[in-house]
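Let's take a walk through a protein together. Have the model open and turn it as you read.

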Amino acid sequence: MAEAVSPSPPSAIDDAMGKRFNNRERRVQRRRRALIYQVLVVLCAAFAFGYFSLNVVRNLEATGLTGGFSFLWQEAGFSMSFSLIPMTAEATYGRIYIAGILNTLFVASMALVLATLLGVAVGLARSAPARPIRVMAKVYVEAVRNVPLLLILIFTQTVALRSLPVVRDALNLGGGFFLSNRGIYLPAPLAGPNTTFAAGLFVLGLVSAVAAYLTRPRVPVSRARERAPMLVAAMLAAGSMLAAAVLLEWERPKLGGFDFNGGIKLMPELVALLVALVVYNAAFIAEIVRAGIISVDKGQVEAARALGFRHGFIQRRIVLPQAMRLMIPPITNQYVHLVKASSLATVVGFPDLVNVFLGTSLNQTGRAVEIVILTALVYLTINVALGSASAAYNSRKGLKQR
């Protein structure tokens with residue numbers, strides 16, 4: 001009689017295959033659950049949007065109002081005190097909308113560049129070897145960060161600018177530059193026979209300066225050889241600007257009646273808004289820069305000093321490249337705050353998008369829903385673009401994982 005053969009225990013290979021199959025099944029189930037949750041969230045959001053949209057339509061019908069964006073082609077009946085495009089009282093609301101967007105972009109871009117330059121300088125000063133420089137930078141940062149932006153804006157307009165002399169006693173800064181309580185007056189370039197040549201010379205000088213800067217030594221060399229490309233770049237840029245300024249014809253402001261005529265006038269509302277945005281946001285950028293600098297391992301700095309590298313070289317070539325990876329995300333967040341804070345132009349009377357479109361145009365047309373949506377889309381587009389550019393730069397400069 002044959003004996004019964006007992007089944008052999010499963011092998012290690014069978015166990016591994018079983019575990020792999022089970023893990024794969026779990027991952028598939030998790031993905032299905034995640035997809036179901038996402039679909040449910042989208043459906044809930046669509047339902048909420050549809051519900052509120054129907055309520056808006058019903059309320060508009062109950063009050064006898066009509067929706068739509070046809071009002072953008074209607075005549076606005078008012079002009080703007082500052083605009084980058086020609087504006088008259090016969091302009092449409094659509095043109096007012098475009099002019100407001102351009103004014104907002106103009107203020108935000110200028111404030112962004114100036115705040116970055118000032119913030120980086122103050123941040124480097126906070127980590128400078130000299131104690132007096134560190135103390136002054138710290139006092140500035142702590143004094144500005146703990147004061148509301150609105151208070152700085154009101155102080156700049158009502159105290160700092162109004163304390164300047166009147167137009168007849170305006171400060172003559174030389175070269176056609178004047179400063180008064182009505183704004184800053186600058187010479188304006190005029191179109192002439194040398195305009196094209198001056199513009200070409202200016203562009204050629206800037207390109208040469210950039211090329212000289214990009215070809216600078218990448219390894220530590222003597223101080224003279226390291227500074228030579230930088231000096232060449234600075235001389236080319238300064239020479240091109242000076243040559244272009246000499247070749248161009250300029251219209252200088254001249255006092256006539258109660259104000260200056262000719263040239264370029266920077267209205268006090270624009271100056272107050274720029275000063276407040278730059279001073280306030282530069283303090284936060286300075287703290288971000290300081291935090292990025294101190295995040296770099298001190299051992300690297302000490303090793304560089306032991307090799308005889310200078311402080312400036314260490315900051316430019318060792319510290320800042322590593323600190324940038326940590327600085328970019330919070331600086332981008334500060335940029336987004338700056339763009340949104342530019343809407344405070346309404347407080348000082350500068351005609352930005354919120355002032356002329358969300359304010360005056362809404363009061364005249366009563367199209368609250370449409371105007372609010374159009375205004376929100378502008379800020380949403382600007383901030384999404386800033387975030388996308390920051391994410392692309394951060395992924396490019398980030399550490400590559402194997």
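We'll start with a helix and its surface patches, then move on to some strands.

A quick heads-up: this is a predicted model, where local features need pLDDT of at least 70 and side-chain atom pairs count only at pLDDT 80 or more, while totals for chains, interfaces and linings use all residues. Residues are numbered from 1 along each chain as its sequence is written, and side-chain values use heavy atoms, leaving out hydrogens and water.

Find helix α1, residues 12-62; helices (H or I, at least four residues) and strands (E, at least two) are DSSP runs, numbered from the N terminus. Arg-31 sits in this helix and is exposed at 60% relative accessible area (exposed is over 50%, buried under 20%, partly exposed in between, using a 1.4 Å probe and protein chains only). Along with Arg-24, Arg-26, Arg-27, Arg-30 and Arg-33, Arg-31 makes up a positively charged surface patch. Patch members have over 30% relative accessible area and no salt bridge, with like charges joined within 9 Å and nonpolar side chains (Val, Leu, Ile, Met, Phe, Trp, Tyr) within 5 Å. A salt bridge puts a Lys or Arg side-chain nitrogen within 4 Å of an Asp or Glu carboxyl oxygen.

Helix α1 also holds Val-39, which is partly exposed at 43%. Val-39 belongs to a nonpolar surface patch with Leu-35, Ile-36, Tyr-37, Leu-40 and Leu-43, about 610 Å² of accessible area together (Shrake-Rupley method, 1.4 Å probe, with only the protein chains shown counting as cover).

Now jump to the strands. β2 (residues 177-180) and β3 (residues 183-186) pair antiparallel over 3 bridges; pairing takes at least two DSSP bridges. A hairpin of 2 residues links β2 to β3, and Ser-180 faces Gly-183. β3 also runs antiparallel to β8 (residues 264-266), with 3 bridges, and Ile-184 partners Leu-266 there.

Methods
Lys and Arg count as positive and Asp and Glu as negative; His and the chain ends are not counted. The place of a charge is taken as NZ of Lys, CZ of Arg, CG of Asp or CD of Glu.
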